Amino acid sequence: MSKASGQALIQLQGVGKTYRTGQVVYQALTDLNLEVWPGEYVAIVGPSGSGKSTCMNIIGLLDSLDQGSYKLAGEDVSTLSEEAKAHYRNRFIGFVFQSFNLLPDLSLLDNVALPLFYANVGEQQRRAKALDFLDQVGLADYAWHKPTELSGGQKQRGAIARALINDPALLLADEPTGNLDSHSAQEVLGFFDELIARGRTIVLITHDESAAARAGRRLSILDGHIQEMSTSDQSYTKLDKAYLQAGRNPLEDIKRQAPHE
């Protein structure tokens, strides 16, 4: 562990989100507050309809908040344009979804390389890097397979390789074990453990208490509110933020490179 930086990677303050369908109004989040620090492994747990998916979409800049503020590495990203949000998502947030989100017509190699395509990296360079990341998750021999030719565990490991290829500040995982058998689920969670040991920051959205128990900090969300905090082996307070792992700090990179509105 290294000395705390004094700056949260994620800071949600008083966040509210309301959905309207015709005459129906649904308050998904209400006065939600959350801080995540570099090097933390945080699990957000809740039943269907609790607001955890909306919280994930706000953190991942996939949806906009209606009230409150969202700071990413000290930068207010609440009112960024869609173009600027896309830049943040591609460069600084890696996503792992329950349904894998691999394009069926592309090889696993080209699926993993896709974020580099959007970053305007040349074909030879992005494929070479994608192959290296597939090797890291034990899938180099499956590089030219289509997703339909892979098991659920292989698909998710490929999705993790894709999520990491741009060296994101944050790995955001939405029910990553939801479509996996127990062996594959433990394999994926074990890989998350390794990533945390290397200094990654992970926010895990899940209804699986056993998956959440592996995180350093567990948050329970219900009716759009964070209900409680618990830790596995560390004590967390706003004054004690000693969660940083050794390694490169992405905060200044985010500030320097991301466009603003």
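Let me start with a term: a residue is buried if its relative accessible area is under 20%, exposed if that is over 50%, and partly exposed in between, using a 1.4 Å probe and protein chains only.

Hello everyone, and thanks for coming. What we have here is a predicted model, where local features need pLDDT of at least 70, side-chain atom pairs count only at pLDDT 80 or more, and totals for chains, interfaces and linings use all residues. Residues are numbered from 1 along each chain as its sequence is written, and side-chain values use heavy atoms, with hydrogens and water left out.

First, the overall picture. The chain has 8 helices and 10 strands; these are DSSP runs numbered from the N terminus, with helices (H or I) of at least four residues and strands (E) of at least two. Of the 261 residues in the chain, 51% are buried. If we take contacts, meaning heavy atoms within 4.5 Å, between residues at least 6 apart in sequence, then 72% of them join residues at least 24 apart.

Back to Leu61 for a moment. Leu61 sits in the loop between H1 and E4, and its phi is near 60°, a positive value in a residue other than glycine. Asp31 also has a positive phi, of about 50°, and is not a glycine either. Asp31 is in strand E2 and, with a relative accessible area of 49%, is partly exposed.

Now to the charged pairs. How many salt bridges does the structure hold? There are 11, where a salt bridge is a side-chain nitrogen of Lys or Arg within 4 Å of a carboxyl oxygen of Asp or Glu.

Let me show you three of them. In one, the side chains of Lys17 and Asp63 meet at 3.4 Å, N to O. Lys17 belongs to strand E1 (residues 10-21) and Asp63 to the loop between helix H1 (52-59) and strand E4 (67-72), so this pair ties together parts that are 46 residues apart in sequence. Lys17 counts as buried, at 8% relative accessibility.

Next comes Arg217, which forms a salt bridge with Glu40, with 2.9 Å between the closest N and O atoms. Here Arg217 is in strand E9 (residues 217-222) and Glu40 in the loop between strand E2 (24-36) and strand E3 (41-45), so the pair ties together parts that are 177 residues apart in sequence. Are these two partners buried or exposed? Both Arg217 and Glu40 are buried.

Arg218 is buried, with a relative accessible area of 16%, whereas Glu209 is partly exposed at 42%. There is also a network: salt bridges that share partners join Lys17, Asp63 and Asp66.

On to the helices. Two packed helices are described by the angle between their axes and the distance between the axes. The axes are lines fitted to C-alpha atoms, for helices over the stretch in contact, and the angles run from 0 to 180 degrees between N-to-C directions.

Helix H3 (residues 108-118) packs against helix H5 (residues 152-164) at an angle of about 30°, with the axes 7 Å apart. The two are therefore roughly parallel to each other; the cut-offs are under 35 degrees for roughly parallel, over 145 for roughly antiparallel, 65 to 115 for roughly perpendicular, and oblique for the rest. From H3, the contact is made by Leu108, Asn111, Val112 and Pro115, and from H5 by Gly158, Ala161 and Arg162. These residues divide into 4 nonpolar, 2 polar and 1 charged, counting Ala, Val, Leu, Ile, Met, Phe, Trp, Tyr, Cys and Pro as nonpolar, Asp, Glu, Lys and Arg as charged, and the others, Gly among them, as polar.

H3 also packs with helix H4 (residues 123-136), at about 120° and with axes 8 Å apart. H3 and H4 are therefore oblique to each other. Residues in this contact include Leu116 and Phe117 of H3, and Leu131 and Leu134 of H4. The contact of H3 with H4 has 9 nonpolar residues, no polar ones and 4 charged ones.

One last stop, Pro47, in the loop between E3 and H1. Pro47 is partly exposed, at 46%. Leaving aside neighbours within four places in sequence, Pro47 is in contact with Lys52, Ile221 and Leu222. Pro47 and Asp223 are 176 residues apart in sequence, yet 9.6 Å apart in space, C-alpha to C-alpha.

Thank you, and I'm happy to take questions.
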